[in-house]
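Here are some notes to go with your first look at this one. Have the sequence and the model open side by side as you read.

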Amino acid sequence: MNIAVFGGTFDPIHNGHLAVADVVASRLAAQVVFVPAGQPWMKCERRLAQASDRLEMVRRAIDRNSRYSLSVVETERLGPSYTIDTIRQLKWQNMPCDELYFILGWDSLLSLPRWREPEALIQMCRIVAVPRVGYDMPDAVAIEKLVEGLSKRVVLLDEPKMDISSSGIRERVRQGLPLDNLLPQEVEGYIKEKGIYLFE
């Protein structure tokens, strides 16, 4: 069995995230593990919604899909979250599999050299890069220049292409605008019930 690790703040999780998970699960015949970030090192400037709320939103969004599961490995870790630490912990815990993948956007792929231990990361898992609006698909030559050996360890997907952002959703919540087709009804209901994002 293939396992694809999908990390992110999921603040909140939305239909774009779920579309990515669906494509990856189908294309790679993979089980997708959602890993909400605790304290992501690249987003220290913004206060996130409580980890318990972000976990619950993910839980509600994926509850009915047997191909999806939720891991609390990062929200239970103290200090900044680094992908290499998460992948090591997941492999150490209980993730024997045919192939381990890590999902990121085309934009994040370009910043991979700034990540902690990128060479070790691509040895432990393959990278699945998905479209991000405003970015072109990187070519093999450019990818290889980022981290040696990366071009042989990356899977470039050309879908889904959805222009949905968590920041845009948070702004719509603050303005009292409709959230139709942006996130699952279960997540929208939870946001309204708890009053999340009204004040940020």
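1. Let's start at T75. Its contacts (heavy atoms within 4.5 Å) include P36, A37, G38, A51 and L55, leaving aside residues up to four places away in sequence. T75 sits in the loop between β4 (68–70) and β5 (80–81). A polar atom of the T75 side chain also lies 3.2 Å from the backbone oxygen of V72.

2. A word on what you're looking at: this is a predicted model, where local features need pLDDT of at least 70 and side-chain atom pairs count only at pLDDT 80 or more, while totals for chains, interfaces and linings use all residues. Residues are numbered from 1 along each chain as its sequence is written, and side-chain values use heavy atoms, with hydrogens and water left out. Helices (H or I, at least four residues) and strands (E, at least two) are DSSP runs, numbered from the N terminus.

3. Now the sheet. It is open and has six strands in the order β4-β2-β1-β6-β7-β8, with parallel pairing (two strands pair if DSSP finds at least two bridges between them). β4 and β8 (154–156) are at the edges with a single partner strand each, so one side of each has no neighbour in the sheet. On average, neighbouring strands are turned by 25 degrees against each other, direction ignored.

4. Zoom in on one pair: β1 and β2 (30–36) run parallel over seven bridges. Within it, I3 is opposite Q31 of β2.

5. Helix α2 (51–62) packs on the sheet, where it touches β2 and β4, and its direction makes about 160 degrees with that of β4. For such angles, axes are lines fitted to C-alpha atoms, for helices over the stretch in contact, and values run from 0 to 180 degrees between N-to-C directions. Helix α1 lies across β1, β2, β4, β6 (99–105), β7 (126–130) and β8, at about 150 degrees to β2.

6. Which residues of α7 (166–175) are buried? They are S166, I169, R170 and V173, buried meaning under 20% relative accessible area with a 1.4 Å probe, protein chains only. Down the helix axis they fall within an arc of 100 degrees, so they line one face of α7; the arc is taken from the directions from the axis to the C-beta atoms. These buried residues pack against α1 (15–28) and α8 (185–194). Just after α7, G176 has a positive phi of about 70 degrees.

7. Last, look at D11, in the loop between β1 (2–8) and α1. D11 is buried, with a relative accessible area of 0%, and its side chain makes a polar contact of 2.6 Å with that of Y197. A polar contact is a pair of N or O atoms within 3.5 Å; within protein, one must be able to donate a hydrogen and the other to accept it, and residues adjacent in sequence count only if both atoms are side-chain atoms.

Note on methods:
Buried means under 20% relative accessible area, exposed over 50%, partly exposed in between (1.4 Å probe, protein chains only).
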